[in-house]
Amino acid sequence: YNLLVVSDLHLSEGRDANSKKFSKNEDFFFDEEFARFLVYYQDMRRWSGAKWHLIINGDFLDFLQVIKLADTQLVRPSESEQSERGLPCGEEETVRKLGTISRGHWLFFEALAGFVAAGNLVTIIKGNHDVEFHYPGVRASFLAELRAAFRTRIDRDPDWGKDKDIGNVGTDTIRFSDWFYFEPELLWIEHGNQYDPYCMAQDPIN
């Protein structure tokens, strides 16, 4: 594998499906550019021969910035707190937030699913803005969202999937790291929040 490393994308609510406008809390406005980025390196595989390993080094998703409450039926705190902060940070609540992110960034999820379905690897390192990747249910939901995005794109554009296999979109090809990525004598990658007293976790593994 060749290595690609990106960091701090901070995807949150994305575009509204009806108005097509970005959320006021959104930090990532480059879904189309990211899709082209992945296509570019996928095309490079044709002459290099080596697959790609994309490492997303923390703060990939920004769950704290997802405050939209639509399509949720959870019992929540007071209405004033809901409107200001959105859902809490529990496992079930974060799965709902992940659904909001995937709908607002549908092109991003399609592109990433296609990249993995073409046989490449992805490692997601947990950061301080997406610490909820700690939850098994959030990890499983992320894989499910990618598979759903893949099927949606195939339905819309069957030729897009001719060199891709949805069976590749699983735990063997999408991996989650609680702290760092390390290859002996080659590189060490970590998000770096553990060096900031305002952002560190006492036990980043648990």
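A: Gladly! Let's begin with a term: a residue is called buried when its relative accessible area is under 20%. Keep in mind that this is a predicted model.

Q: Which residues of helix 5 are buried?

A: In helix 5, the buried residues are Val-138, Arg-139, Ser-141, Phe-142, Leu-143, Leu-146, Ala-149, Phe-150 and Arg-153. Their cover includes helix 3 (91-104), helix 4, strand 3 (121-125) and strand 4 (174-177).

Q: What span should the 21 residues of helix 5 have?

A: Counting 1.5 Å a residue, helix 5 (residues 136-156) should span 30 Å, and its end C-alpha atoms lie 31 Å apart, which agrees.

Q: What do the buried residues of helix 1 pack against?

A: They pack against strand 2 (52-57) and helix 4. The buried set is Asp-31, Phe-34, Ala-35, Leu-38, Gln-42, Met-44 and Arg-45.

Q: How are helix 1 and helix 4 oriented to each other, roughly parallel or roughly antiparallel?

A: Angles under 35 degrees count as roughly parallel. The axes of helix 1 (residues 31-48) and helix 4 (residues 106-117) cross at roughly 15° and come within 8 Å, so the two helices are roughly parallel. Their crossing is left-handed.

Q: Which residues make that contact?

A: Helix 1 contributes Asp-31, Glu-32, Phe-34, Ala-35, Leu-38 and Gln-42, while helix 4 brings Leu-107, Phe-108, Ala-111, Leu-112 and Phe-115. Sorted by class, the contact has 8 nonpolar, 1 polar and 2 charged residues.

Notes: Residues are numbered from 1 along each chain as its sequence is written. This is a predicted model: local features need pLDDT of at least 70, side-chain atom pairs count only at pLDDT 80 or more; totals for chains, interfaces and linings use all residues. Side-chain values use heavy atoms; hydrogens and water are left out. Axes are lines fitted to C-alpha atoms, for helices over the stretch in contact, and angles run from 0 to 180 degrees between N-to-C directions. Helices (H or I, at least four residues) and strands (E, at least two) are DSSP runs, numbered from the N terminus. Angles under 35 degrees count as roughly parallel, over 145 as roughly antiparallel, 65 to 115 as roughly perpendicular and the rest as oblique. A crossing is left-handed if the near helix is turned anticlockwise from the far one by less than a right angle, and right-handed if clockwise. Contact means heavy atoms within 4.5 Å. Ala, Val, Leu, Ile, Met, Phe, Trp, Tyr, Cys and Pro count as nonpolar, Asp, Glu, Lys and Arg as charged, and the others, Gly among them, as polar. The expected span of a helix is 1.5 Å times one less than its number of residues. Buried means under 20% relative accessible area, exposed over 50%, partly exposed in between (1.4 Å probe, protein chains only).
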